[in-house]
Amino acid sequence: MSSLALANFSYGVIAALCWVVGLYFLGFWRKTRDRFFGYFAAAFWLLGLGRLAMAALGETSEARRFIYLLRLVAYAVFLVAIVDKNRTDARGG
């Protein structure tokens, strides 16, 4: 098995697992309607989309700008979720 094929396989596995984790958080969001879980679901789906793009393009690095930006946006969504949750809890909401 070539290194590119192994990389594409691992990107596919990581993408699938990110989508599963996103569905897990979506389930919590549906039960609680807490934005925190919705943000986390969206962030994991973005991470999975980035890995899927890497596999589809045959990339073994994140040199392409849009792949890097997908990951950056996902991490920004994580930060927004955490800050939003802490502000909501501080206000008593």
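Helices here are DSSP runs of H or I with at least four residues, numbered from the N terminus. By that rule, Leu6 sits in helix 1, which covers residues 3–32.

A quick note on the source: this is a predicted model, so local features need pLDDT of at least 70, side-chain atom pairs count only at pLDDT 80 or more, and totals for chains, interfaces and linings use all residues. Residues are numbered from 1 along each chain as its sequence is written, and side-chain values use heavy atoms, leaving out hydrogens and water.

Now the helix pair. Helix 1 packs against helix 2 (residues 35–57) at an angle of about 165°, and their axes are 8 Å apart. The axes are lines fitted to C-alpha atoms over the stretch in contact, with angles from 0 to 180 degrees between N-to-C directions. The two helices are therefore roughly antiparallel (angles over 145 degrees count as such).

Arg33 lies in the loop between helix 1 and helix 2. Its phi is near 60°, a positive value in a residue other than glycine. Most residues other than glycine have a negative phi.

Phe40 belongs to helix 2.

| Residue | Relative accessibility | Class |
|---|---|---|
| Leu6 | 48% | partly exposed |
| Phe40 | 14% | buried |
| Arg33 | 54% | exposed |

Technical notes
Buried < 20%, exposed > 50% of the residue type's maximum accessible area, 1.4 Å probe, protein only. Parallel < 35°, antiparallel > 145°, perpendicular 65-115°, else oblique.
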